[in-house]
Amino acid sequence: MIAEEALVVATSLRKTYPIYGGTFIKRRTGTVHAVDDVSFAIRRGETLGLVGESGCGKSTTGRLLMRLIEPDGGSVRFDGVEMTTLDRRRLNEERRRIQLMFQDPSSAFNPRMRVGQIVSEPMRLAGAPDRAQRARVAELLPLVGLTEEQAERFPHQFSGGQRQRIGIARALALRPEMIVCDEPVSALDVSIQAQVVNLLQDLQQQFGLTYLFISHDLRVVRHIADRVAVMYLGRIVELAPKAELYGSPQHPYTRMLLSAVPKTKPGATRTPTAAAGEAGPAPGGRQGCLFAPRCPHVMPRCRDEIPAFRPVADRHSAACHLLG
Amino acid sequence: MMPAALSEATPLLSVRDLTVRFRSGRETVTAIDRVSFDVPRGRVLGLVGESGSGKSVTALALMRLLSPDMAEIAGEVRFDGRDLVALPEGEMRRVRGRHLSMIFQEPMTSLNPIASIGNQICEPLRLHLGLGRKAARDRAAELLAMVAIPEPRRRLDQYPHELSGGMRQRVVIAMAIACEPRLIIADEPTTALDVTTQAQILDLLRDLQSRLGMAIVMITHDLGVVAEFADHVQVMYAGRGVERAAVRDVFGHPRHPYTGGLLRCIPDFDGDQDRLVGIDGTVPSLTNLPPGCAYAPRCERAQDDCRIVVPDLEAVAPAHRAACFHPLEFAREVSP
């Protein structure tokens with residue numbers, strides 16, 4: 001990816017957390033590598049899907065991108081501006097251009113605030129006058145399929161799908177260029193999921209939005225993303241345009257992940273036991289390939305040499321010794 | 001024990017007009033309304049629906065786990081010849097965990113955090129099968145090996161918090177199959193798990209089911225899990241059964257517009273589609289159901305009759321039932 005056309009470029013992002021142990025005296029007994037040397041770029045108007053199983057670091061990556069969590073290393077350039085070294089004031093300004101959408105918006109809403117206040121809260125914090133806030137709310141609610149009158153209601157008066165629409169309206173309030181969508185449809189029923197996915201796509205078209213779409217749902221990501229990155233235990237193991245990634249997955253983990261998705265055509269069954277083991281800390285530490293303990297093709301080299309993340313085809317990269 | 005010598009043709013479980021009403025203050029809410037289905041011996045029925053469809057209430061009613069103070073249960077649940085709805089609680093306790101057991105979505109809620117894995121698996125063995133301490137422990141280790149837990153002997157002395165989510169669900173399954181029940185009710189058994197773990201648990205359940213000849217009622221919102229796992233499917237909407245047939249027919253030729261709509265909502269995994277086709281509107285609240293078909297307000301095929309009368313679940317083809325006055329044409333192929 002050429003840096004000029006990218007809206008956001010993350011390079012070697014790193015975040016670790018200490019583990020404390022001990023019965024009486026707590027002391028540091030280890031380190032969790034939540035995000036470990038993660039690099040990617042997203043073009044303006046593009047949707048990058050970020051998939052992986054729980055604990056793989058996909059949500060942490062999204063938060064590092066917005067500097068909601070301070071990285072331990074690496075850089076994030078947003079539209080040419082280095083985010084990791086900005087002071088508070090400048091950071092708050094830049095951060096208006098990137099918004100976050102949560103899985104369960106109601107946990108992010110104040111239940112005693114009316115929908116209108118919830119949607120306009122980012123504007124209030126940015127110091128916009130009341131009139132401008134009200135006008136923007138009147139504009140936003142119809143945009144996400146709600147009515148202007150619903151601004152007076154409270155979040156509990158809405159269904160899950162409608163609450164997610166309120167979350168989208170709030171994310172749009174400051175006219176961001178990019179939205180980090182963290183499992184935006186995972187808590188919704190399938191019939192409602194489709195409505196929200198369609199809405200996100202319409203808004204992207206209308207405003208030229210850029211999405212980082214974090215999800216464990218490989219079907220939804222296949223539908224909405226342009227390119228997809230697969231994470232495993234804090235590292236990106238494969239990144240490719242979606243047709244490539246789903247059509248000819250190269251990394252053994254990607255293959256395992258895709259083969260585990262239940263097919264909705266009866267008769268077209270999975271190959272049993274294609275998926276084996278569970279994600280967990282590699283017994284040999286982090287110097288080798290982290291997938292080695294579960295990998296059906298593991299070689300001696302995989303256990304002590306980190307596979308480089310390198311191109312395997314046009315715009316398609318993977319980190320596996322088999323592909324070197 | 002169970003009356004023996006029932007003919008093979010009699011279904012193991014036969015549910016007729018099962019209705020559950022919850023009382024809350026002066027109001028009564030009908031959570032499930034005249035639900036009927038059969039589960040043949042050794043087969044899998046998928047019970048599928050969205051939130052509020054009544055699938056979990058159905059499971060709890062079958063297990064008689066709803067408190068009589070709160071819930072009023074009507075209808076018939078014939079299990080191996082006996083009506084569980086009418087069974088005295090003492091006798092029900094001898095059925096539950098012995099011939100009929102349940103797997104819940106969240107393993108941590110069905111495991112006791114302060115009892116060792118071994119003690120928890122031994123409990124049904126000692127209670128129902130009358131095994132002694134040593135025999136129960138040996139059998140518990142065997143069961144852990146059956147659900148593919150490595151080092152089963154050592155695990156017996158561990159506690160739930162020491163295991164991963166997938167391992168905990170394996171322990172729950174080991175407890176459920178401990179007395180080799182004839183029927184397992186699995187309520188979203190893989191929903192809390194990652195997809196690669198889900199695949200392993202489904203493989204395990206399928207393997208155990210064929211080895212032990214158990215029947216399973218698989219309750220899920222995931223159409224993929226149903227397509228893969230079930231022989232027959234009952235689709236539920238707002239507390240009522242709306243379609244019932246062999247899995248191939250439900251997925252290949254859905255007749256109820258809700259089933260058809262649900263299948264179209266799942267993003268394609270093979271082809272390419274520009275846009276998902278969602279279902280407009282939302283699932284109605286059970287306290288405020290429309291007078292006729294509960295799906296009518298969201299249905300593109302709804303006519304005047306749908307808004308007045310609740311359609312019965314009637315045959316639309318041999319062995320295929322749908323509760324709809326204006327079902328989809330048979331020729332219609334929906335390929336998700």
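How many bridges join β11(B) to strand β12 of chain B, and do they run parallel or antiparallel? Keep that in mind as we set up the view.

You are looking at a predicted model, in which local features need pLDDT of at least 70, side-chain atom pairs count only at pLDDT 80 or more, and totals for chains, interfaces and linings use all residues. Residues are numbered from 1 along each chain as its sequence is written, chains are lettered from A and ligands numbered from 1 in the order in which they are written, and side-chain values use heavy atoms, with hydrogens and water left out.

**Stop 1: the sheet.** Select the open sheet of 8 strands in chain B, ordered β6-β7-β8-β3-β9-β10-β12-β11 with mixed pairing; strands (E, at least two residues) and helices (H or I, at least four) are DSSP runs numbered from the N terminus. Its edge strands, β6 (100–103) and β11 (314–317) of chain B, each pair on one side only, where pairing takes at least two DSSP bridges.

**Stop 2: β11 and β12.** Now select residues 320–322 of chain B, strand β12: 3 bridges join this strand to β11(B), and the two run antiparallel. Click E314(B) to find its bridge partner in β12(B), A322(B).

**Stop 3: helix α8.** Select residues 195–212 of chain B. Of the 18 residues in α8(B), 13 are buried, so this helix is largely enclosed by the rest of the structure; buried means under 20% relative accessible area, with a 1.4 Å probe and protein chains only. Just after α8(B), look at G213(B), which takes a positive phi of about 65°.

Methods. The expected span of a helix is 1.5 Å times one less than its number of residues. Buried means under 20% relative accessible area, exposed over 50%, partly exposed in between (1.4 Å probe, protein chains only).
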